Amino acid sequence: MTSRIVVIPTRRAHSNHAEVARSIGVDIIAGRYAEGTRLPGDAEMIAMFGVSRPVLRESVKTLVAKGLLTTKARVGTVVRERGAWNMFDADVLAWHLDAGIDKRFLNDLAEIRLAVEPRAAMLAAAQRSEEDLTELRRSMERMRLEASDSVGFADADLALHIAVARASGNLFMRSIGHVIEAALRASFLLSAPVELEDRDTVLLWHQKIVDAIAAGDAEAASEAMVHVIHNGMRRHDGTVIETAPAEALPSVQSGERS
C-alpha cells in the first residue's frame, strides 16, 4: 500500500478564546510543548495572540477543563501528561486531526472500538427497527457505489457504523459514536481498501454485519464487527502515515493565527 498524506478538515473556532485554545491545544498535541512544560507568561501570550487578558484566561480555563493544562501557584500554566487528556472531548479529537494522527492514535481508537462496537452490534440485532435496517442498507449501498479511496466511501462506512450504534438503542453507545465521528472518518480514509481484494473483503464483512442485525443474530453481528475492526487495523499496519510538518501548523511559539 502506498504512502499517503490525508488531510482531515475539522471545524474551526468561532470566537477569540476558542481559537486561542485551539492553537495552544494543537501545539500541545503536536509535541511543541512537552508534558511538564510551562507555557509562556500572560504578557508574552497576550502579545503573541493579540488578545485581551480575559480572553487568554478563558482559553486557559478551557484547556484546563479538557485536561491538557494545569495551573499552579508560583509555577504557572503547565502541560499535563497525555493520560490526563480528555480523549472523548470533541475539540481534543479535532485537534489531534489538525496536529496529525499517528499509529498510536489509530491503535487506541481501534481498541476503544473493539470494546464498544461489537456489543453495539449485538444489541442492534435485538433492538433494531425497520427504519434502522433501511439506514444500514442505504449505507451499504452507498459503499458499493463509491470508489474505495474516496471521501464518499469513508462517509458511507461511517454512516453504517453510526447507524449500528443508533440501532443498539443504548444512549451511551450513540453518544460515543458521535463523539469519535471525526476520528473514525479519518481512520476510514487512512485504511481505504484500495486493492480490489481488500475492497471485496470490506464489503463482504460489512454486509455480514447488516445481514446478521437484520436476522436478529447477535453473535454473528458481533463477530462480523470484530472482523471489520481487525481488518481495518491490518490495513493501517500497511500504511505509512505522513503528517504535515510542525511549522505548517498554527503555533503558539511563532504566534501564527489561522
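Predicted model: local features only at pLDDT ≥ 70, side-chain atom pairs only at ≥ 80, totals over all residues.
**Entry 1: a pocket**

I began with the second largest pocket, which has a volume of about 250 Å³. My notes on the term: on a 1 Å grid over the protein atoms alone, a pocket is an open set of points where a 1.4 Å probe fits, with protein on both sides within 12 Å along at least five of seven lines, and lining residues have an atom within 4 Å of a point. The volume is the space filled by probe spheres set on the points, which are joined across faces, edges and corners.

Residues are numbered from 1 along each chain as its sequence is written, and side-chain values use heavy atoms, leaving out hydrogens and water.

Which residues line this pocket? I found Arg82, Met87, Phe88, Leu93, Arg104, Phe105, Asp108, Leu109, Ile112 and Ile180. Helix H5 gives the most to the lining, with five residues. (Helices are DSSP runs of H or I, at least four residues, and strands are runs of E, at least two, numbered from the N terminus.)

**Entry 2: the cores**

Next I looked up the largest nonpolar core, and it has 27 residues. Such a core is a set of buried Ala, Val, Leu, Ile, Met, Phe, Trp, Tyr and Cys residues joined through side-chain atoms within 4.5 Å. Buried means under 20% relative accessible area, exposed over 50%, and partly exposed in between (1.4 Å probe, protein chains only). H5 (103-127), H6 (130-145), H7 (151-167), H10 (196-215) and H11 (218-237) each give two or more residues to this core. Apart from it I noted another core of 24 residues, including Leu39 and Val60.

Leu160 is among the residues with the most contacts inside the largest core. Leaving aside residues up to four places away in sequence, Leu160 touches Leu136, Ser139, Met140, Met143, His206 and Val210; contact means heavy atoms within 4.5 Å.

**Entry 3: helix H6**

The buried residues of H6 are Asp132, Leu133, Leu136, Ser139, Met140 and Met143. Down the helix axis they fall within an arc of 125°, so they line one face. (That arc is taken from the directions from the axis to the C-beta atoms.) H7 and H10 are included in what covers them. The face turned away carries the exposed Glu130, Glu131 and Leu145.

**Entry 4: Thr70**

Last, I checked Thr70, in strand E1 (residues 69-72). Thr70 counts as partly exposed because its relative accessibility is 24%.
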